[in-house]
Amino acid sequence: MTRFATVFVPVPLKTAFTYSFDPDKCPVQPGIRVRVPLGNRSVTGFVTGVSDSRPQGEFEIREIEKPVDKQPIFGEGETELALWMEKFYLCSRGEALDTMIPNARRDSSLPPLGFDPEPMKEGMVLSDEQQSALDAILSRKHGAYYLYGVTGSGKTEVFLRVAEQVIAQGRQVIYLVPEITLTHQLARAVASRFGDKVAILHSALTQAQRIKQWRRIRNGEAALVIGARSAVFAPCPDLGLVIIDEEHENSYKSGNTPRYHARQVAWHRCQETGALLLMGSATPSLECYKLAEDPDRLCMIRLTKRVAGGKLPEIKVVSILGQKPILSPVLVHAMNTVLDQKRQVILFLNRRGYNHSFRCNSCGFELTCPHCSVALTWHRREQALICHYCGYRTAPLSACPNCNSLDVTYAGFGTEKVEDEVRRAFPKAAVARLDTDVTKGREAGKIIDDFREGRTDILLGTQMVAKGLNFPNLALVGIVQADSTLSLPDFRSAERTFSLIVQVSGRSGRYDDQGRVLIQTTRPNEPAIAYAVAGKVDEFYALELENRRQTAFPPYTRLVQLVFRGKNEQKVKAACEEAGELFKASARAYRRSGELLEVLGPEECPVYRIAQNYRRQLLIRGENPSRVHNLVSKVAEKLKPVSGVYIEIDFDPLSLM
Ligand code: ADP
Ligand code: ZN
Ligand code: ZN
């Protein structure tokens, strides 16, 4: 007898589909994934219900191709969370489920992670600050806590002790960390502490391994789940605590639909389940910093002292305005001193590649990607000019394609060029580079281990070297170009620059008082740099909050970005303009008197073209967060779909590029 299944598929269509199946040949039950035909494709869908009766209506019902799972892998909890995602991020339920539940498409080709558990540090005595933080959190007077502690203040130890308590009460813990942190020390410390009660969800797991961990979590066998962003969806039946380490990290926000932020999802899950939310960072996001003005919403606890003995490092600025060399004489001298003492150096630059622009000095021609409106980056090892947006690559040029002049220059520099310079200047030192070009298909963990264990002397790289790492023998951190993030046309660029400097600096001198930091910059007086150097964290936050208030940007307003993109420039323009009219009319109707609720645009996105798609945007912002949400969801529903024009909705965007 034919039966019918309600299936949500990962496409931007709001309704569920009905498919038929023969229960004798094709066992289907709610909570499993199935392969189903959709148009002329085959996709993986999620079964939320089965029934004996055909639904009303005259439409064709197609047959399920095959079940993917034998046993359910999701239940009511996940379905409800998916429904919340649908409403909160305006995606479809299928897209939400597809984001939440492990799936093959997201698997990477990284080799599996293998490591020996780190021996546990026996009988560590908490510092007074750590102890009172722990007591305060365990008192649970508030629902959400934030450990705002200087780098090296021992936040991890407090997190782990809270986790122990929660697990002792028989409840489960989700511990979120940036992906890179997962590949090394912390995962080891956690694994040795909690033994086989741990589920580690990292990107190197295969689909089968991931599903296995997922099931261990669902049946309560795993008490502590540690993972990056998507681990926030771990199907814990009895969630007691969510920890978000390095809360300021941008990687907690998804770059694809639904563009969720793990913090928002965690917040929601904790409210639903009564679980405790515990976050921490030395540089909280401005959102959390402001939220903590009201301890009933977020209780912030400060840790002001480094636990392992080291003072906060001494930070010095080196002005490189008008200077040619990548490594200033001051930096080279400091590096030599440190290397002579058999200690280590980290160099940081947030730009990959060798050079990042190609310019003709005769006619002014600048080489951009043929598919995107961005400059191509020269990658020397790969001997290619590469687009960092769409991956386009082309052979190097020695003459101008426009006027054939040979007077062309490659300008700007990235980590690859810094590596070259370093090798030249320090021929005897062991040098390693850590950025996504290097780690493609390889293990960042090994590079980090080599450095921590002293097999390399100088580690240079991008953000990856800034993330929550501890290196006992590190004595000098050099920031090669601190102002490169500042010039981006983005309202968060100051916040990002500041937090990067503080985080990278924080790697230095964690275990003794010898830590030094040198910051090369052309803009030493820029507040984001000057305040970071002076260690004036709260002062920077006060200043930046005031900027945001005056310019009406988050956290003083809620911001939503709608990007219209498509290959046909005219169609994109028309669709964006029509939507703009609709939004503006509705905003007028929604707005209370005296309240800010406005629509900015339509305008070209700062990066107007990506992968042959033209991009235009509307920005909606307003003082009242829920009114902004209502406006966007009501109007988005009314937008007529235009073929070939896609709309990406980003609530609370981290960047407006
Ligand atoms: P944070 O996350 O605050 O930057 P970590 O948690 O990484 O700092 O701690 C820095 C170092 O201090 C780690 O090596 C950790 O093992 C050590 N540590 C933590 N708590 C203590 C303590 N109470 N006594 C001594 N060392 C500690
Ligand atoms: Zn030219
Ligand atoms: Zn491109």
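This is a predicted model: local features need pLDDT of at least 70, side-chain atom pairs count only at pLDDT 80 or more; totals for chains, interfaces and linings use all residues.
Local features require pLDDT of at least 70 and side-chain atom pairs pLDDT 80 or more, while totals for chains, interfaces and linings use all residues. Residues are numbered from 1 along each chain as its sequence is written, ligands are numbered from 1 and chains lettered from A in the order written, and side-chain values use heavy atoms, without hydrogens and water.

Reader: Which residues coordinate the zinc ion (ligand 2)?

Author: Donors are N, O and S atoms within 2.8 Å of the metal (3.2 Å for Na, K and Ca); water is not among the atoms, so sites may look incomplete. The donor residues follow the spacing C-x2-C-x36-C-x2-C in sequence. At 2.3 to 2.4 Å, the SG atoms coordinating the zinc ion (ligand 2) belong to Cys 360, Cys 363, Cys 400 and Cys 403.

Reader: What is the geometry at the zinc ion (ligand 3)?

Author: The donors are the SG atoms of Cys 369, Cys 372, Cys 387 and Cys 390, 2.2 to 2.4 Å from the zinc ion (ligand 3). Four donors count as tetrahedral if all angles lie between 85 and 135 degrees. The angles among the 4 donor atoms are 105 to 112°, so the site is tetrahedral.

Reader: Is Cys 369 buried or exposed?

Author: Buried means under 20% relative accessible area, exposed over 50%, and partly exposed in between (1.4 Å probe, protein chains only). Because its relative accessibility is 3%, Cys 369 counts as buried.

Notes
Four donors count as tetrahedral if all angles lie between 85 and 135 degrees; four count as square planar and six as octahedral if opposite donors are over 155 degrees apart and all others between 65 and 115; anything else is irregular.
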